[in-house]
Amino acid sequence: MTVRNLDPEVQRRLRLRAARNGRSVEAEARAILTEAVCDLAVDWLSMTERVRGEPLPLPERSTPRGVDLT
């Protein structure tokens, strides 16, 4: 995946965040995207619960290998 036209300030902050977390910029971007997509899925399931009328049982999840969400 290639991200074009990323604001220089966003690039700078991503580099700083990656350094704080001891990761490469690429690994940091993967962690951010993984967290965002997982949150989106949980939010979507919560919203659709009203339509279904009951909660959807979800299996236990573990953190993806190599991703530290702290």
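Visitor: How many salt bridges does the structure hold?

Guide: The general idea goes like this: side chains of opposite charge can pair when their charged atoms come close. Keep in mind that we're looking at a predicted model. In this one, the count of salt bridges is 5.

Visitor: Let's take a case. Which side chain meets R12 in a salt bridge?

Guide: That's E9, with 2.7 Å from N to O. Both residues sit in helix 1, which covers residues 8-20, and they're 3 residues apart, about one turn of the helix.

Visitor: And what does R13 pair with?

Guide: E9 again: the side chains of R13 and E9 form a salt bridge at 2.9 Å, N to O. Here the spacing in helix 1 is 4 residues, also about one turn of the helix.

Visitor: Where do E28 and R17 lie?

Guide: First the contact itself: E28 and R17 meet through their side chains in a salt bridge, 2.6 Å from N to O. E28 belongs to helix 2 (residues 25-52) and R17 to helix 1, so this pair ties together parts that are 11 residues apart in sequence.

Visitor: Is E28 buried or exposed?

Guide: Buried, because its relative accessibility is 0%.

Visitor: Zooming out, how many helices and strands does the protein chain have?

Guide: There are 2 helices and 0 strands. The radius of gyration is 16 Å, well over the 11 Å that the globule rule gives for 70 residues, so the chain is more spread out than a compact globule. Along the principal axes, the C-alpha trace spans about 45 × 25 × 20 Å. Buried residues account for 13% of the 70 residues.

Visitor: And how many positive and negative side chains are there?

Guide: The chain carries 12 positive and 11 negative side chains, and the centres of the two sets are 6 Å apart.

Notes. Residues numbered from 1 in each chain as written. Predicted model: local features only at pLDDT ≥ 70, side-chain atom pairs only at ≥ 80, totals over all residues. Heavy atoms only, no water. Salt bridge = Lys/Arg side-chain N within 4 Å of Asp/Glu carboxyl O. Buried < 20%, exposed > 50% of the residue type's maximum accessible area, 1.4 Å probe, protein only. Rg over C-alpha atoms; globule rule 2.2 N^0.38 Å. Lys, Arg positive; Asp, Glu negative; His and termini not counted. Charge placed at Lys NZ, Arg CZ, Asp CG, Glu CD.
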